[in-house]
Amino acid sequence: MRMPVTTADPHIPSERVSAFECARRFTKPPRNVTMLTREFINDSLYNPAYGYFSKQALIFSPRKGFDFSAFRDSADFLKTIGRHYQEMESELDDVRNIPRQLWHTPTELLKPWYGYSVARHIINQYKAERDSRQHNEPLVVYEMGGGNGTLMVNVLDYIREQEPEIYNRMTYNLIEISTKLAKKQLRRQAHQSSVPHSNVNIINKSILDWSLRVDDPCFFVAMEVIDNFAHDVVRYDFETGEPYQAFVRVYDDGEFEEFYESVSDPLISDYLNTRASLTNPPYRSPALSSALYRRIRRQLPLAPNLTKPEFIPTQAFQFCRVLGKYFPRHRLVLSDFYKLPETVPNAVDAPVVQTRFSGVMVPCETYLVQPGWFDIFFPTNFELLKQMYDSICRKKPIPGSDLSLSRICTQHEFAKANAYLDKTRTRSGENPMLDFYENNKFLLS
Ligand SMILES: C[S@@+](CC[C@H](N)C(=O)[O-])C[C@H]1O[C@@H](n2cnc3c(N)ncnc32)[C@H](O)[C@@H]1O
């Protein structure tokens, strides 16, 4: 159905485009085009001219780490963050006339202790491998999506301080899609520490375009990156279960329409086939209702022939393939949200779509919104991601190494195992390192 408000002429021909073509050809969101949902979301977030990450997004970073022993409790800590946040937001609104987006991550709020906990996990695992004589190669870290570069600096500072011998031989590589953030990371690395780190490479490209094989053992770090990886949408035929892929059509007046065709996109088809092969019986989409409901539905007049939409993580699947193909001996340290409030309603594995306007967060009920102005981010089904990751990255044993299957743990469990908990404890005993971000999980391998 067409949106009721559109004044567009549906007879104007529509050209099928990808996010890559939009990046090359357009400086404003294009009209009279048709895109797969993941291309539309990818373009909305990452287009170099108008994408959300290119022009809007800023990651909140307090000037220095907080002294947690000075806070009465977690509420006191939150109040202080709120004040800093407001100050930073009002400065931005004064300086520029557009409402900038500002978000915070555990790396920033709990710095440097969050980065230290990641460094400690890496060092423990590196030493265990080295001591069991699996290899004696220098430590190599790849991080994707470094934001302000805070995690990189904190991890490097920790290793230089605690493990100078490992530090002297190690390299740290940061793969960053945003040119603006890559420049910031470069400045951070040179100026934040008392002595700059000289063992850093910052590579300004998307991990999904990676094409260099890294045969060395390495750690691959991804903190809060895959939640912004674009998804596709499928709906299933109620009778046959056949999936249909979604397209977004943009009309000449800028209005959007979603429509469905049989699956022909190779990535969607590979994802659905791989997912079906992971378990016996195969994965069943929650969008597909029970046989009883289908029978009742058949009696209803004008019942839709397709199920409700399901968002499928096609780019996270592509990312697993990049890891398996180009980083065969990596160990993964990935963290992200596994549940989120206020997701788009009536859909399976739906994203949060939101923008901040004059200091207020505005959530939306659809992803069909003006490209570049909205953050679109997804919860990750970690159990499914783990199965997918193991089937792609851990299917063949690597000679001389014991790269085992991955495991999932919560932020709380990871912090208990690796963090300096006395450094983030407030006076009441509450500890934001353990208690905040309880909707985050880790996938470790
Ligand atoms: C929410 S921020 C998280 C930043 C940082 N990891 C932290 O925890 O503070 C997401 C980061 O991932 C980057 N990013 C998103 N997609 C990417 C991709 N395909 N390849 C490389 N970097 C990507 C963004 O530009 C941004 O730096």
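Student: What makes a helix crossing left-handed or right-handed?
Tutor: A crossing is left-handed if the near helix is turned anticlockwise from the far one by less than a right angle. If the near helix is turned clockwise, the crossing is right-handed.

Student: Which hand has the crossing of H12 and H13?
Tutor: This is a predicted model. In it the axes of helix H12 (residues 314–326) and helix H13 (residues 382–393) come within 9 Å. Where H12 passes H13, the crossing is right-handed.

Student: Are H12 and H13 roughly parallel or roughly antiparallel to each other?
Tutor: Their axes cross at roughly 30 degrees. Angles under 35 degrees count as roughly parallel. H12 and H13 are therefore roughly parallel.

Student: Which residues of H13 make the contact with H12?
Tutor: On the H12 side the contact is made by Ala 316, Phe 317, Cys 320, Arg 321, Leu 323 and Gly 324. The residues of the contact divide into nine nonpolar, one polar and one charged. From H13 come Leu 385, Met 388, Tyr 389, Ile 392 and Cys 393.

Student: Which are the edge strands of the open sheet of seven strands?
Tutor: The seven strands run in the order S7-S6-S5-S8-S13-S18-S17, with mixed pairing. From one strand to the next the twist averages 15 degrees. An edge strand here pairs on one side only, and this holds for strand S7 (200–203) and strand S17 (407–410).

Student: Which residue in S18 does Asp 336 stand opposite?
Tutor: Strand S13 (residues 330–337) and strand S18 (residues 440–444) pair in the antiparallel sense over five bridges. Opposite Asp 336 stands Lys 441.

Student: What angle does the direction of H14 make with that of S17?
Tutor: H13 packs on the sheet and touches S17 and S18, its direction making about 15 degrees with that of S18. Helix H14 (residues 411–418) also packs on the sheet, touching S17 and S18. The direction of H14 makes an angle with that of S17 of about 90 degrees.

Student: Why is one side of S15 and of S16 left without a neighbour in the sheet?
Tutor: Three strands form an open antiparallel sheet in the order S15-S14-S16. Strand S15 (360–363) and strand S16 (375–377) stand at its edges, so each has a single partner strand.

Student: Which residue in S15 does Arg 356 stand opposite?
Tutor: Strand S14 (residues 352–357) and S15 pair in the antiparallel sense over four bridges. Opposite Arg 356 stands Met 361.

Student: How many residues of the shell around the ligand are charged?
Tutor: The ligand is surrounded by 22 residues, the closest being Thr 105, Thr 107, Gly 145, Gly 147 and Ile 177. The shell includes 11 nonpolar and eight polar residues, and the charged ones number three.

Technical notes: Residues numbered from 1 in each chain as written. Predicted model: local features only at pLDDT ≥ 70, side-chain atom pairs only at ≥ 80, totals over all residues. Near = placed C-beta within 6 Å. Nonpolar A, V, L, I, M, F, W, Y, C, P; charged D, E, K, R; others polar. Axes fitted to C-alpha atoms, helices over the stretch in contact; angles between N-to-C directions. Helix = DSSP H or I, 4+ residues; strand = E, 2+ residues; numbered from the N terminus. Parallel < 35°, antiparallel > 145°, perpendicular 65-115°, else oblique. Contact = placed C-beta atoms within 7 Å. Pairing = 2+ DSSP bridges.
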